[in-house]
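Reader: I would like to learn how to read the packing in a helical model. Please take the features in turn.

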Amino acid sequence: MAADRAGAPPRAWQRMLSGRRLDLLDPSPLDVEISDIAHGLARVARWNGQTGGDHAFSVAQHSLLVESLFCEIVPQATPEARLAALLHDAPEYVIGDMISPFKSVMGGSYKECEQRLQRAIHLRFSLPAELSATLKRDIKRADQIAAYFEATLLAGFSLKEAGEFFGRPRGFSPDRLDLAPRPVTWAQKAFIQRFSAIEAMRAQPDAKRSGL
């Protein structure tokens, strides 16, 4: 990235529509806003945009799908765990959705940036900076189930090819999953609505606090 002016260090922050400046090298939870996350994720395309339909299948839609699948895998999940599932790809509102082959090319630098952002996002919404191994595993399983159906129904993968990369889901049918690529405004609103619903559950006095 070019310097802002002669002799100045390269700019490492991004201005958000909320007015926040998010520093990618040292992201502060105070500069994370759910409106920015929803806006960004609704405009980031999964599979580098190589999906069928009149609209891109956005990371916001993918996040909603993963949270829904996670709740099926862990029906007793706490509101905090559900929020962690919804926000599992939240750093992509800043850094975009890099496909796995390109992440391999980039190496550790991409992962380090992603992890810094994820920790800041978690802290902003009162989640642990680092999730438990069990929760990570369950969210990852939901993520892979979503990826399998997205790959086969939207991105042109054969069943065999998708099974090799993501594993073949057992006990899940695409018939009851929302895989129709939606307009940006729909995805943004739906993401905010689901976030708000989970936050309302967290605010209940009898809400369980575990599973993180």
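**Reading the packing**

Author: The largest nonpolar core has 59 residues, and those with the most contacts inside it are I37, F70, L87, Y93, F125 and F191. A nonpolar core is a set of buried Ala, Val, Leu, Ile, Met, Phe, Trp, Tyr and Cys residues joined through side-chain atoms within 4.5 Å. Helices α1, α2, α3, α4 (92-95), α6 (108-124), α7 and α9 each supply at least two residues of this core. This is a predicted model, in which local features need pLDDT of at least 70 and side-chain atom pairs count only at pLDDT 80 or more, while totals for chains, interfaces and linings use all residues. Residues are numbered from 1 along each chain as its sequence is written, and side-chain values use heavy atoms, with hydrogens and water left out.

Reader: Is E67 buried or exposed?

Author: Buried means under 20% relative accessible area, exposed over 50%, and partly exposed in between (1.4 Å probe, protein chains only). E67 lies in helix α2 and counts as buried because its relative accessibility is 3%. Not counting residues up to four places away in sequence, E67 touches R82, A85, L86, R194 and I198. H62 also lies in helix α2 (residues 59-73), and is buried with a relative accessible area of 0%. With neighbours within four places in sequence left aside, the contacts of H62 are R46, F57, H88, D89, D143, A146 and E150.

Reader: Why is helix α3 described as largely enclosed?

Author: Helix α3 (residues 79-86) is largely enclosed by the rest of the structure because eight of its eight residues are buried. The cover over these buried residues includes α2, α7 (133-153) and α9 (184-203).

Reader: At what angle do α1 and α9 pack?

Author: Axes are lines fitted to C-alpha atoms, for helices over the stretch in contact, and angles run from 0 to 180 degrees between N-to-C directions. Helix α1 (residues 34-41) packs with α9 at about 140°, with their axes 8 Å apart. The two helices, α1 and α9, are therefore oblique to each other; angles under 35 degrees count as roughly parallel, over 145 as roughly antiparallel, 65 to 115 as roughly perpendicular and the rest as oblique. The contact is made by I34, S35, I37, A38, H39 and L41 of α1 with Q188, F191, I192 and F195 of α9.

Definitions and conventions:
Helix = DSSP H or I, 4+ residues; strand = E, 2+ residues; numbered from the N terminus. Contact = heavy atoms within 4.5 Å.
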